[in-house]
Amino acid sequence: MIHKRSLKEKTIDYLLYIATFSGINFIAGSVVHALDYSLYNYILLFVGSVLTPSALLIRELMLNKNPINRDFWGSFGINLVLSISAGCITGGIIHLGENSLFSWYLVISGFIMSFATAMLYKTKPFLPAVLDYILWIAMFSGMSFISGSVVHAANDWFNNFLLIAFGAILTPAAILLRNKLILGKQTALGKNFLILLVLSLGVSGVTGGIIHFTKNMSYATILIVGGFILSYLAALHKNDGSLAELRSR
Amino acid sequence: MYKPFILTGILGLIIYGGVWFNVFENTHADGHEHAAPTHEAVEKNNTNESSVLNIEPSELNKDITTPTKSEQKEEKHVDTAKPHGH
């Protein structure tokens, strides 16, 4: 029998989810905007570095009631490196029009770092591990293309429109293929994909608004407030399991 | 056990590349740093320009809208020319 979660459980799960992924987005965002050399950027890097491990620790201790051992820190480190590297790849692609040389540097170094991590810590044979890596990056990137384009929509809507369309096809296709080829389970794409899509849009609205706050304050405020409402409403629709399962590796 | 060291090495190379990239971005291709020209240098350059072109400073104030004799002759020739008709 599926345990239906109460409003309190859903809210705690949502707060831990947004803290975990906001921290990752803050770190990736501060790396992508490294050439700004602003104090605000360094603060974001520090906040992100504290926020993600804290939220994950609280989740393990409070919700999952798991002991904190070496394995926990090991998988935490791998996921952190993979997520930040993937954030650098998509951040680099989204910012290609601003500083193409630095953006390509981000894309290539993000790919090298994430691929090296995935291959060093692979638990499958080489080819399935490569396929798993490609599909995971595709899922993550598709979502980031959509959310990143919404964040940059105030500056350059038409160039971003293509990325939104590409991301909207890439993510469900990657989830579909990953479930079928890697995890070998039935694909329940409809509701979970919609929750993940709206949740990611909302969380990226919040984090993108905070990251770009100094560039366009009025648009950033709309993004932060709208993002909170959107992501919380999406989180309330997840009745079983936790939100983190939607984008776990 | 060796895996974290490999990753740290790759990260170190990427950060080193980032620092090198930053230095490269702020310098000319010939290795000299970008520097805005000083006010004195700009002024000196402006005063030297007439001597480089071999023009006397008084020549620069001449009314260039007044046509010379040869120019007047040429204009006259154009005026008298009949248009071609079919």
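## About the model

The structure is a predicted model, in which local features need pLDDT of at least 70 and side-chain atom pairs count only at pLDDT 80 or more, while totals for chains, interfaces and linings use all residues. Residues are numbered from 1 along each chain as its sequence is written, and chains are lettered from A and ligands numbered from 1 in the order in which they are written.

## The nonpolar core of chain A

The largest nonpolar core holds 50 residues; such a core is a set of buried Ala, Val, Leu, Ile, Met, Phe, Trp, Tyr and Cys residues joined through C-beta atoms within 7 Å. A residue is called buried if 20 or more other C-beta atoms lie within 10 Å of its own, exposed if 12 or fewer do, and partly exposed in between, with C-beta atoms placed from the backbone. The largest share, eleven residues, comes from H1(A).

Ala28(A) and Cys88(A) have the most contacts inside the core. Two residues are in contact if their C-beta atoms, placed from the backbone, lie within 7 Å. Leaving aside neighbours within four places in sequence, Cys88(A) is in contact with Ala28(A), Val31(A), Val32(A), Leu106(A), Ser109(A) and Gly110(A).

## How H3 packs in chain A

The axes of H3(A) and H4(A) come within 7 Å and cross at roughly 155°, where axes are lines fitted to C-alpha atoms, for helices over the stretch in contact, and angles run from 0 to 180 degrees between N-to-C directions. H3(A) and H4(A) are therefore roughly antiparallel to each other, since angles under 35 degrees count as roughly parallel, over 145 as roughly antiparallel, 65 to 115 as roughly perpendicular and the rest as oblique. Their crossing is left-handed; the term applies if the near helix is turned anticlockwise from the far one by less than a right angle, and right-handed applies if it is turned clockwise. Cys88(A) takes part in this contact from H3(A), and Leu106(A), Ser109(A) and Gly110(A) are among the residues that H4(A) gives to it. By class, the contact has 13 nonpolar, eight polar and no charged residues, where Ala, Val, Leu, Ile, Met, Phe, Trp, Tyr, Cys and Pro count as nonpolar, Asp, Glu, Lys and Arg as charged, and the others, Gly among them, as polar.

H3(A) also packs against H5(A), at an angle of about 45° and with axes 9 Å apart, and the two helices are therefore oblique to each other. H3(A) passes H5(A) in a right-handed crossing. The residues of this contact, which include Thr90(A) of H3(A) and Phe145(A) of H5(A), divide into six nonpolar, six polar and no charged.

## H1 and H8

H1(A) and H8(A) pack at an angle of about 130°, with their axes 10 Å apart, which makes H1(A) oblique to H8(A). The contact is made by Lys10(A), Asp13(A), Tyr14(A) and Ile18(A) of H1(A) and by Ser231(A), Tyr232(A), Ala235(A) and Leu236(A) of H8(A), and by class it has five nonpolar, one polar and two charged residues.

## Two single residues

Phe145(A), which is found in helix H5 of chain A, is buried, with 23 other C-beta atoms within 10 Å. Leaving aside neighbours within four places in sequence, Phe145(A) is in contact with Thr90(A), Leu163(A), Ile164(A), Phe166(A) and Gly167(A).

Tyr37(A) lies in the loop between H1 and H2 of chain A and is exposed, with 9 other C-beta atoms within 10 Å. Most residues other than glycine have a negative phi. Tyr37(A), however, has a positive phi of about 50° although it is not a glycine.

Chain B has three helices and zero strands, and buried residues make up 0% of its 86 residues.

Notes: Helix = DSSP H or I, 4+ residues; strand = E, 2+ residues; numbered from the N terminus.
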